[in-house]
Amino acid sequence: MRRTALRTDRLLVIGAGPVGLAMADAMKQRGIAFDQVDAGDGVGGLWRHGVYQGVHIVSSKKSTGYIDYPMPAHYPDFPSSSQMLRYLESFAHDRELSTSIELRRKVVRAMPLADESWQVTFEDGEERTYKGVVVCNGHHWDKRLPHYPGRFTGTLIHSADYKEPKQLRDKRVLVIGGGNSGCDIACEAARVGAACDWSLRSGYWFLPKTAFGRPLTDLPIWSLPVWLQRLLLKALVRVFIGDYRQYGLQRPNHKLFERHPAFGTDVLNYLRQGRIKPRPDIARFSGTKVHFTDGSVGEYDLIVAATGFTNSIPFLPKNLVPIENDIVQVYGGAFPDAVKNLYIVGWAQPRNGFGTIISPAAKLYAEMIAMQDEVELPIGYVLKWRGLRVQSSHLIDPGSTRRVIWLAHKLLPLLKRRARIIAETEGRPPFDPSLYEFDGGDGAVAVNQ
């Protein structure tokens, strides 16, 4: 028999990773009633099950920790994954969130009803009706795999499937991709593998993790205009790293921050030592051989595809919140225009650590969620009507974002008045849930970040 429950006096927070915990804390402080669930067996999201052995954060503890809950003083500048997990567990405990989080609760469907309340279905078949849903399901779980002609008959895994060095030991390894995970895994393969090649489709920006004796993300440059950040960081690259071509790499063919840069220079040192061999993009697979675009060929036992992740919210109707080029089509960073009481938080990625942004953003979003009870139209609809645009990138500039958050707090009363005027003069047709039906099987949220 299917279990049902009516909980229209509260919202559901989906995910208990860094973003979900920050939202739960802000909503609790604001007095907003909510339940919180996570598909995993504990809080922490990515830091509980989604990272490999020995990984450390690339942004500093200062820029990664919550502003109002700093990491312990004895932590190193770049804490390990186990330290990150302990930190998040401590935050949940100290903010009295832990005991109310329902674990191993996988959401497979969240459907808006005609009155814009939400029917949520769990993997075990239980259904609950909530006033609204706050989606914090992360963006590092839906693996993006490369597609090349031919067939590779060795082992091919995504970087998310890499957990420990023994997977690389004594193997001829090819790592695809130049992000932080690709750099880390290539370095580990250089240490324990029989050989390591590194294939990059194009040039990447590699930044030092430290400069002038401080973590790069702690330098006082991140509130400057983006053009000036680029100028200063490119100068640091010239001083501390030099021309990437000296390492056998291509020069970047894009501006700094148009794609996420990689932090750290260990991989560059291994390149200079000859323990990692740079390769261009792949042309095709042929058994255990890989043909590259420059005509060269390599033979491998294992390919690790550090090719990133796709933003995905599989438990929502597919056309309710479009995702284009990994950019979730919401206004103000979290608010869809089509429906009330749905909030998508944490889908974008700050450039220098989540803490300095998510703490103030969560408080702002909690205020706006509370305000939604006082206005008829969806907040996203009002923001769109006022001319606000969807973000143009999934990367967030920390300085400008903090300024926008500060200004938004000041303008909330004006936004509320504008929402009432629009409702009285313009209005909108009644919400029709039949326009947003599911087109196939149920989705499932992975362990949330």
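How many nonpolar, polar and charged residues does the lining of the second largest pocket have? The model is predicted.

**The second largest pocket**

The second largest pocket holds about 430 Å³ of space. It is lined by 22 residues, and D184, C187, R191, K209 and D266 are the closest to its centre. By class, the lining has 10 nonpolar, seven polar and five charged residues.

Two helices, α5 (180-192) and α7 (266-273), each supply at least two residues of this lining. The largest share comes from α5, with seven residues.

**Packing of α1 against α8**

Helix α1 covers residues 18-30 and helix α8 covers residues 355-372. The two pack with their axes 8 Å apart, at an angle of about 50 degrees. Angles under 35 degrees count as roughly parallel and those from 65 to 115 as roughly perpendicular; α1 and α8 are therefore oblique to each other. Their crossing is right-handed.

**Residues in the helix contact**

On the α1 side, the contact is made by V19, A22, M23, A26, M27 and R30. On the α8 side, I358, A362, K363, Y365, A366, E367, I369 and A370 take part.

Sorted by class, the contact of α1 with α8 has 11 nonpolar and three charged residues, with no polar ones.

Conventions. Residues are numbered from 1 along each chain as its sequence is written. This is a predicted model: local features need pLDDT of at least 70, side-chain atom pairs count only at pLDDT 80 or more; totals for chains, interfaces and linings use all residues. Side-chain values use heavy atoms; hydrogens and water are left out. Axes are lines fitted to C-alpha atoms, for helices over the stretch in contact, and angles run from 0 to 180 degrees between N-to-C directions. Helices (H or I, at least four residues) and strands (E, at least two) are DSSP runs, numbered from the N terminus. Angles under 35 degrees count as roughly parallel, over 145 as roughly antiparallel, 65 to 115 as roughly perpendicular and the rest as oblique. A crossing is left-handed if the near helix is turned anticlockwise from the far one by less than a right angle, and right-handed if clockwise. Contact means heavy atoms within 4.5 Å. Ala, Val, Leu, Ile, Met, Phe, Trp, Tyr, Cys and Pro count as nonpolar, Asp, Glu, Lys and Arg as charged, and the others, Gly among them, as polar. On a 1 Å grid over the protein atoms alone, a cavity is a set of points where a 1.4 Å probe fits but cannot get out, and a pocket is an open set with protein on both sides within 12 Å along at least five of seven lines; lining residues have an atom within 4 Å of a point. Grid points are joined across faces, edges and corners, and a volume is the space filled by probe spheres set on the points.
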